Number of protein chains: 2
Amino acid sequence: MGGDHGPRCIIPAVARSLAKLPELQVILVGSKESLVALSHEYRLPAERVSFRYTSEQILADDSPASVLRHKRDASMRVAIELVRDGQADGCLSAGNTGALMVLSRALLGTLEGIERPAIMAALPVAGKPCYLLDLGANVDCSARQLFEFAIMGSEAVAELSGNPRPRVGLLNIGREVNKGSARVREVSELLRQCELINYVGHVEGDGLFRDEADLVVCDGFVGNVVLKASEGLAHYLQAQVRDVLAAHPLLAWLSPLLRRLRRHDPDLYNGASLLGLRAVVVKSHGGAGERAFEAAIVQAVAASRARLAERIAERLAQSGVQSL
Amino acid sequence: MGGDHGPRCIIPAVARSLAKLPELQVILVGSKESLVALSHEYRLPAERVSFRYTSEQILADDSPASVLRHKRDASMRVAIELVRDGQADGCLSAGNTGALMVLSRALLGTLEGIERPAIMAALPVAGKPCYLLDLGANVDCSARQLFEFAIMGSEAVAELSGNPRPRVGLLNIGREVNKGSARVREVSELLRQCELINYVGHVEGDGLFRDEADLVVCDGFVGNVVLKASEGLAHYLQAQVRDVLAAHPLLAWLSPLLRRLRRHDPDLYNGASLLGLRAVVVKSHGGAGERAFEAAIVQAVAASRARLAERIAERLAQSGVQSL
């Protein structure tokens with residue numbers, strides 16, 4: 001059980017999720033000391049929660065390769081093994097992203113035709129969330145990889161949002177067909193010809209916040225920078241509003257404003273799906289607080305319930321990408 | 001005289017700038033009909049404003065190459081020629097960016113060692129602005145180009161902000177030295193060894209809004225997407241706040257909030273500098289309103305007054321980049 005705050009924040013989030021999601025069953029994986037005391041404190045119901053105690057910790061600066069070789073009793077590894085062995089439907093972790101990626105690939109395997117999984121999450125926009133992938137798993141992507149992301153992401157967004165034909169856009173610096181890098185133009189052509197997805201063309205940076213698409217595809221470098229910049233700016237502007245309101249004598253009048261802004265809080269959009277694996281793995285922000293971790297649990301449950309990995313495998317097979 | 005709103009928005013912005021900047025002299029370049037009537041309407045002082053009437057218009061979908069060959073009497077071209085011929089210290093345009101780039105390169109030339117100019121602008125953060133470059137002129141950049149951007153940008157930010165040792169960061173997906181693409185790691189090594197700039201290392205997307213650097217360098221694809229995403233999100237969140245306040249009966253109490261948020265309005269940061277040319281060229285947003293265009297005028301005046309192109313040429317010569 002990782003993340004900056006560990007069980008102290010995860011256990012209360014689990015308690016709240018259990019109260020909200022009646023069909024949820026949880027296996028908590030981590031060190032015995034922390035789990036037993038906190039589970040007691042938060043009165044987790046014994047019939048819906050079980051425990052797997054582990055003895056090792058993955059640290060932020062452990063290299064993914066050394067984690068794979070040496071940390072056999074780390075909670076992250078054991079949680080993924082539970083999924084591999086059919087004892088859990090999905091895995092949620094707030095630990096080291098690189099380690100989660102490497103362990104998931106090694107223990108669960110990738111879907112046919114997929115070299116490396118991609119990471120997908122929603123941007124902090126209220127109402128209709130806009131999903132973005134890849135968010136950093138693949139720094140340099142080929143046109144073929146971007147095409148795979150579109151197929152996988154379209155299926156994932158359909159399952160998570162309930163919209164069977166999500167609009168898929170390609171992030172670019174100009175909306176016109178002739179704009180952008182050669183690679184973007186190449187994948188744009190592939191997407192235009194693909195009948196499995198609802199391709200809506202190029203989307204610019206500001207289009208991410210204009211409801212121009214339900215899913216936007218880009219390489220992991222761009223996606224990671226845009227997601228973090230958006231989170232940074234949203235946090236910054238919200239702090240500005242809170243600062244002013246804190247000094248204000250009529251706070252009670254302003255609750256509609258605070259409520260409205262809270263709907264755009266990046267915490268509510270916590271939870272990134274690793275797509276392209278043979279099972280469901282969701283990554284929470286390392287710095288997630290209780291409320292943010294709860295959002296990630298909701299997403300992991302939705303992906304597991306939808307059997308997302310199997311849906312994506314079917315869709316990839318239909319797309320013919322494996323023979324590209 | 002271009003942009004979405006043309007002289008109807010530019011002339012009042014010029015009138016206000018003339019009132020605020022006593023040393024400013026303006027040459028307005030555009031069609032006679034629009035300029036004469038509006039200059040009258042806004043009572044532009046005849047001793048500080050002159051006119052160059054032109055007959056052709058560059059349209060949004062004109063290709064830059066055809067503009068260069070065929071539109072010899074377009075206002076953008078004539079304005080750049082005035083700079084080339086020493087009749088103006090700098091050029092400001094709200095027209096087609098691609099055309100401005102091509103005409104500026106062809107008519108003014110680039111500085112020694114610079115292949116293509118880069119575009120630099122400030123992100124909408126109050127207090128200490130964070131500048132970003134390139135913003136879209138160079139879709140795929142070599143390590144050498146990113147190094148040039150750092151040298152040019154550092155000098156430009158020093159001149160525009162008055163801080164002689166601006167902190168220069170490199171946009172990346174992880175702060176650690178071993179993170180990111182091979183190209184990022186290569187340019188990071190070049191920057192670490194360069195004594196001319198105050199290099200502070202990698203900056204992640206959220207670091208742009210955490211005052212981690214005064215200038216952040218990236219390729220034009222990433223920079224364009226991040227800038228537009230930031231503008232889109234800032235506009236979106238501000239609209240949310242305004243919506244709530246508009247429905248609120250105690251608006252008078254909230255003016256500090258509105259004032260504070262206005263400081264983050266992307267309009268106030270309008271004005272992108274084309275760096276690497278032999279003279280000062282500043283690009284305003286096409287959609288700029290009066291207040292935004294005024295911000296771009298202020299920036300063009302500051303760059304002209306600092307003789308920014310000459311300062312950058314000196315710095316490039318010292319850096320040894322021309323022999324790389």
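A residue counts as partly exposed when its relative accessible area lies between the 20% below which it is buried and the 50% above which it is exposed. In this predicted model, A:Phe51 falls into that middle class because its relative accessible area is 30%. A:Tyr53, with a value of 36%, is likewise partly exposed.

These two residues also meet through their rings. A search of the whole structure, over all chains, finds two aromatic pairs. One of them joins A:Phe51 and A:Tyr53, with 5.9 Å from centre to centre and 20° between the planes, and it is stacked. In the other chain, the ring centres of B:Phe51 and B:Tyr53 lie 5.9 Å apart and their planes meet at 20°, so this pair is stacked too. B:Phe51 is partly exposed at 31% relative accessibility, and B:Tyr53 is partly exposed at 36%.

Stepping back to chain A as a whole, the fold holds 11 helices and 10 strands. Its radius of gyration is 20 Å, close to the 20 Å that the globule rule gives for 324 residues, so chain A is as compact as a globular protein of that length. Along the principal axes, the C-alpha atoms of chain A occupy a box of roughly 60 × 55 × 35 Å. Among contacts in chain A with a separation of 6 or more, 69% link residues 24 or more positions apart.

Turning to burial and surface, 57% of the 324 residues of chain A count as buried. The chain exposes about 13600 Å², of which carbon and sulfur atoms supply 50%. Chain A carries 37 positive and 37 negative side chains, and the centres of these two sets are 3 Å apart.

Notes. Residues numbered from 1 in each chain as written. Chains lettered and ligands numbered in written order. Predicted model: local features only at pLDDT ≥ 70, side-chain atom pairs only at ≥ 80, totals over all residues. Heavy atoms only, no water. Phe/Tyr/Trp six-rings, centres within 6.5 Å; stacked < 30°, edge-to-face > 60°. Buried < 20%, exposed > 50% of the residue type's maximum accessible area, 1.4 Å probe, protein only. Helix = DSSP H or I, 4+ residues; strand = E, 2+ residues; numbered from the N terminus. Rg over C-alpha atoms; globule rule 2.2 N^0.38 Å. Contact = heavy atoms within 4.5 Å. Areas by Shrake-Rupley, 256 points an atom, 1.4 Å probe, with all protein chains shown as cover. Lys, Arg positive; Asp, Glu negative; His and termini not counted. Charge placed at Lys NZ, Arg CZ, Asp CG, Glu CD.
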